[in-house]
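Take a moment to look over the sequence and the 3D picture. We will go from a whole chain to a contact between chains, and then to single residues.

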Amino acid sequence: MNRTLDRSLADDLVRPLFHTSVWFYGLALALGTVVASGLAAWGYQIWNGIGVTGKRWPVFWGFYITNFVFWIGISHAGTLISAILRLVNARWRRPVTRCAEVITVFALMIGAMFPLIHLGRPWLFFWMAPYPSSRDLWPNFRSPLVWDFFAINTYLLGSLLFLVLPMIPDFALVRDRSTGLRRRIYGALALGWQGTTKQWHRLEAAMQIMAIAILPVAVSVHTIVSFDFSMAPVPMWHSTIFGPYFVAGAIFSGIAALIVAMAVLRRALKLEAYLHPMHFENLGKLLLLMSLLWVYFVFAERLTVWYGNEHSEMSVFWTHQTGNYAPLFWTMVACNFLIPFPILALRKLRTIPGVVFASVTVLIGMWLERYLIVVPSLGHKALPYSWGTYGPEPIEIVIMASTFGAMALLYTLFARFVPIISIWEMKVGQHPHRHALPEEDEEAAGLWRVRP
Amino acid sequence: MPYRWGMAVDADRCTGCEACVTACHAENNIPTVGPEQAARGRAMHWMRVERYVEGDFPDVRVKFRPVLCQQCDAAPCEAVCPTYASHHTEEGLNAQVYNRCIGTRYCGNACAYNVRFFNFFNPVWEKPLNLQLNPDVSVRGVGIMEKCTFCVQRIKAAKTVVKAEGRALRDGELQPACAQACPTSAIVFGDLNDPESRVSRLARSPRGSKLLEETGAEPKITYLAKLAWDESDAR
Amino acid sequence: MPPSRSSLAARLILPLAFVVLAATMACGVANSGGLAGVQERASGVSRWGTPAVFTPAHASAGAAIRAFFGLRAEARQPIDFSHRLHLDMGAACTDCHAGVEQGPVAGLPSVSTCLICHSQIATDRPTIQHITALAEQGLDLQWQRVYGWPREAHVRFEHAPHGRAGVDCATCHGNLAEQTVAVRAVDMDMAFCVNCHTARQASNDCLTCHY
Amino acid sequence: MSPLDRRQFIKVTAVTGTAAALAACGNPEHQIIRFIPEDDLVPGVATWKPSYCPLCAAGCGVVARVMEGDAEVFRNGQAGVMRMALAKKLEGNPDDPVSRGKLCPRGQAAIQVTYHPDRVAEPLKRAGERGEARFVPIGWDEALAEVVAQLDALAAAGETAGLACVSRPRGPLRAALVARVLEGFGGRAPVAWEAMGDDVLRRANGVSFGSHAMPMVDLADSRYVMAFGADFLGTWHAPVTFGVGYGRMRQGRPGVRGKLVQVEPRMSTTGASADEWVAIRPGTDGVLALGLAHVMLAAGLRQASDAGRAGAAIAGWSEGLSEYTPARVEEITGVAAARVERLARELANHPPAAVLIGGPALAHTNGLFHALAVNALNALLGSVGQPGGLVVPPDVPAPASPAGLASLLEAAPTVLLLDEANPVFDAPPSWRVAERLRAIPFIVSFGSFIDETSAFADLILPDHSFLESWVDAPPAGSDSSPRVAGPVMRPLHRTRSMPDVLLDVSRRLARPLAGLPETFEAFVSAAAPATPASASGPSRARATADAPAAAAWAPPRFDGEAGEFPFHFLPYASQNFLDGSLAHLPWLQEMPDPLTSGMWSSWVEVNPRTAERLGIAQGDIVEVRSAHGVLRAPAVLLPSVGPDAVAMPVGQGHTEFTRYASGRGVNPLAILAPLTDEATGMPAWSATRVQITRAGSGDGSLILFAGATRERPDTHEGR
């Protein structure tokens, strides 16, 4: 019984790797076009200068940094959540972890592109990296951007490892089911996995270490992203609350992104048997918690500003509350709290559609939150004569859209080439008392072994 | 002792005529960006004269305040630059090293005075306007931050001259373009390390204060307050 | 044989890094940040409001790439001027490059300078006759610069203070007594300048040369 | 410059710009031509050469920083590159009594006149209709021959009086030479036209003090200065000299700080700097001046006889000005009686004190009265000619009244010489300048730029820029001889100095004119040291001819009935462009206006209360309608203009004035009423009334540099 279930489970989950529907090609082409348009737009921007965007004096940062923070925030979906769930050994995590970790890696890659896109002279980006040269010049380690550079690269590397490690047994599974070039490729990716007990123990140990190690990295990354803002003497940026505020916001938007991604996968890859309403409900509860935390942070931030009544901060405060940015601000509050809170709090509404809807509003709300952090503050610094405003130009919107396209494309390709649900972990979940598959179960073990 | 360049701006003298603004453009190869770009907030004025209107008709008062790079001693722009394009020299200048700038524009955000300007496009001087360009000043290309340099080219030239002549720099011998143009001599430039220089004496004036001193950036420009006239002043 | 663990990194991270790097470089070199203050007006206004008064920094992608890597053509001089010959005859550098001791720029001599001597000396040589003919038409020689930095290096070098500090011409220009047409004998990269400044305890502040 | 020509020019520049790369390719087609440098300059080393700023009548002495550079020039019939001396920057000349080492923003930008991309580079001949501004290049010889032929025809017909000349106010020597050429030919006396000129004040000074010179104030030693309308720190008369003095008046004397009181209906840059700003009803300044005098006389602070001749010019002076009690002054001017009393006592008790008037205060139908009243007040204060008081330089021959332009045009000359004056743009619309120019058979412009007026010319014979030619400026300081300087650099284009062209023409005539110098340079060198501004005959007689009867208050006449046109329309000389003659300089276009921070645009200043009442928001387009025209411009809300007035800067609204000014903004002068100062005939450009209505929301034409107007904006003033 177990064996059959294992088989059908594996069949189910590797099917997308072997049977490509025409939908896939259509989707890949469509998304590829979107991504290509973004690259073309970037080329156009590099050729002409940052002036083709809406950035101006004194709002030198705009859409790109908003998107940077947003995507880095999204990246907290995966590794962090998956690591926590692994550590607390939440059983329901098994179908969720890989979708989540992939989001992290891709969102980080996309997010890390934005500081480059945003540079005035992007061809010189490598000056941010420390490398010895005859000129004896090093990056300025006092700059939060350099901290960013290291933090994001560390997190990307760690997340990549965290993602790839548990993929090894699944690669081996695909290898064993395929022939020819595909076999060779997956064979290489499987790194010689044979499913020996020693290998299983090593994998488990490595995962345990990574899960513990990645947690502080994840927290530090978004803290450091928040330092990009809070280190500058800009009204409503220069605040000690920004570290935890950003981390909470990141996890908040990350969970929302995960929920949306899971829902899409569930529908597209017909994974209803693996992603149950329970998963969405549990993640929905987590989202509810983060929503409350977010409201708390927003309230705490604003209360101190209002109470402090410092002139330039108040001008930013009021543009948020009642001024030009009020529509965006209140949309954000609605999207992040007023709409999701009742949906997530009431069991009756905490259905899959409900939770997904709440997640979508949260994603919109959190994007707006980042926009509202970046733009109004820069436009309202201490000297009112130099106040300014900002609005995106088409090129920024194209590039932003293309990053969403890139995320979807990468995700599509990933789901096409890698089992999106960790097969072995699912199996372990179904054999809860065994660490790995029993040696004596020849047929099952055959799945994991290299033929002699 | 090295020089420590500083400035004093006397609001009681300033008439808001903006001679300094144009002089700065003429001296420092600052491009005019044209109406379309000016409308999009890309006008570059290293030196600007802020005006603030107080009161209502007919009891209206206007305040002029020339604002330029304050050459802060604890400058936030320097700390945040990832490549040291913005850095502090031993003479207390906030240097902007154009060739090292990669255009993160972080310094522009960190500056509380908004005196940093970005080359959103490659500037063009329509011929033969290019013949006016000051050969002693770099022409900045696209993607680079720029700002007031205290006319570092003049500082360099003056130092070269006094070194060649083997003498000390006289107070007032060296002036940035804004101070030289200012009809009312509201702008005074000099060496703060020389306690007897005019700028040092003005920096000690009871009328003096620093702009946005509360940010802790330790700006080096002293603003001398505009006085209100009363009968005794004129005696 | 399955690949080793270390090649996992090689197979995933390095290609990834390479792709990102290559993409940025490829796009980046298209627009290395120089100035082109003197370019002519671009025609028309683009859809995104790029104004006509601004143009890309380089005329073509090729020009951008050359600028990024600091490639420039060897100077080709209008006549085969021999530095050696003139120095052997007892001419001093400053006789023709008059600005060296007075200001930042050494200067390239005009035909009038040539004719100070050559109105009398060696007037039978074809080159001299060519020069004389040019001068009569009011035309000058098209000397090309041998040394120099890309504009985006923003280097501001002054000859006179270096001369006063006792830096020999040959330090930077090589031994011209051995050259006919001057060639780039010294690679003036930043390390070259910095080393000398360090050795002579001259300032190495960025602002010393870049402003 | 014709489009074809410009394209060719660009071709040349493109070739030379890429010279190095292309020469390396060895393609002989791309070999550019390099001319032998004519100047003996050390490369990279600056020299300084004196000159005079020509942009306003003050004539600031400047020094130009000259360095070597590669310029594209045209020599011996071919285009090429030449290493030549190039002016790089202008600074005030420390030895000059006017600039005293300082310069105003316009003076700083003056260098762009020389390097302007749309400068006329060679003689042009009209190819299109009059006013269409289509021209084709023509050689100098051909062009001069045409001028000579026209003048010969005039002489042959015995109608030499058909030759006329309109110029901007020029240096006295240049003006004198032009006048001599015209006089020699038998033409009309040249007219110096300036839209916002000070003829009323000169005339009043002639009456009050016997001198037609423009007055100065010795601000440096003054303890109390009151100015009526004169934006002397911004645009009026000699702002740099005043600025230098003002700095000393404020902070130059230990323990003494002078007070500046500015009286005007719309706050100017000077008003913004003043210690006290007095809002006054337009056209009533003289009443306040006499009210102050009344208080002083009544309180025995001064004696009526102190005022002498200047007092005698005012009706009722010796009777103690009983008409001008503080209460009556309040009634007329809107300045509270108590304030009149206080100001009078302050003024009287803080000698040396001086009073100035100028600009919009005199641009009323009763302008001369205001000027005479202020002169009398000055005389009463005893400040005239004293340290710290009003300085009235020795009499200079008053230039022919700019109002003479109207009569000149009415006389329909046959040949008109235009020297940079632009009356099509800035003369009162009622003079119908364009229409009359069309009727003139032959017009020669010497302008460096094609503007609205030279667009009517048959020939454009471009002048050198001031840096390329001999220039002179009016005498100033203790020296009464004109200030003269030689060229700073070689001409960039195929231009010729205007006086030299005139002299050349006068030699080529069938009957050459006698007694003229060889060149302007020769004239200047001969005249400069000795001659104190030689005669310009016809205008001199006017100086004493028309002393009016004692002036008395007559209410100003405004055009437009107050019910229908409720707002005073107050155009003002822009800090950036003065009367609009500088709108072609990109630095000035992009310089933020001191009060509004506007760049590259026109605007209407509206009081916020008025705006609220009419539903106008900042940036909204408002329609300003007078009985004589209508214009639309974006609104700027400022409390510095009263609720019963709207103000507009003059200078924009050019239809044809280089790429930087053409088609930009609107010209407020175009809707002015045909009122003049009744005594002098000068346009009363402050005397129009208008109605304003909101015509729509902003169209993006208002470009402001500033984000907020107030330092502590209402916290809800978001952007």
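How many helices and strands does chain A have? Chain A has 18 helices and 0 strands; here helices (H or I, at least four residues) and strands (E, at least two) are DSSP runs, numbered from the N terminus. The radius of gyration of chain A is 23 Å, close to the 22 Å that the globule rule gives for 452 residues, so chain A is as compact as a globular protein of that length. That radius is taken over C-alpha atoms, and the globule rule is 2.2 Å times the number of residues to the power 0.38.

Before going further, a word on how to read this: the model is predicted, local features need pLDDT of at least 70, side-chain atom pairs count only at pLDDT 80 or more, and totals for chains, interfaces and linings use all residues. Residues are numbered from 1 along each chain as its sequence is written, chains are lettered from A and ligands numbered from 1 in the order in which they are written, and side-chain values use heavy atoms, with hydrogens and water left out.

Let us stay with chain A. Its C-alpha trace spans about 80 × 60 × 40 Å along the principal axes. Of its 452 residues, 62% count as buried, where buried means under 20% relative accessible area, exposed over 50%, and partly exposed in between (1.4 Å probe, protein chains only). Among the contacts in chain A with a separation of 6 or more, 79% come from residues 24 or more positions apart; a contact means heavy atoms within 4.5 Å. The accessible surface of chain A is about 16900 Å², and 69% of this belongs to carbon and sulfur atoms (Shrake-Rupley method, 1.4 Å probe; for residues, only the protein chains shown count as cover).

Next, look at where two chains meet. The size of an interface is often given as the accessible area lost when the parts come together. Between chain D and chain B, the buried area is about 6300 Å², with carbon and sulfur atoms giving 56%; this is the accessible area (1.4 Å probe) that two parts lose on being put together, summed over both. D:Arg257, D:Trp587 and D:Glu711 supply 11% of the area that chain D buries against chain B, more than any other three residues. In total, 85 residues from chain D and 71 residues from chain B take part in the contact.

Now for some backbone details. Most residues other than glycine have a negative phi, and most peptide bonds are trans.

Which phi does A:Leu191 have? The value is near 55 degrees, positive in a residue other than glycine. A:Leu191 sits in the loop between α8 (180-189) and α9 (197-230) of chain A, and counts as buried at 13% relative accessibility. C:His154 has a positive phi of about 50 degrees, lies in the loop between α6 (126-136) and α7 (159-164) of chain C, and is buried at 4% relative accessibility.

Our last stop is D:Leu416, in strand β15 (residues 415-419) of chain D. D:Leu416 is buried, with a relative accessible area of 1%. Leaving aside neighbours within four places in sequence, D:Leu416 has contacts that include D:Ala164, D:Val166, D:Leu437 and D:Phe442.
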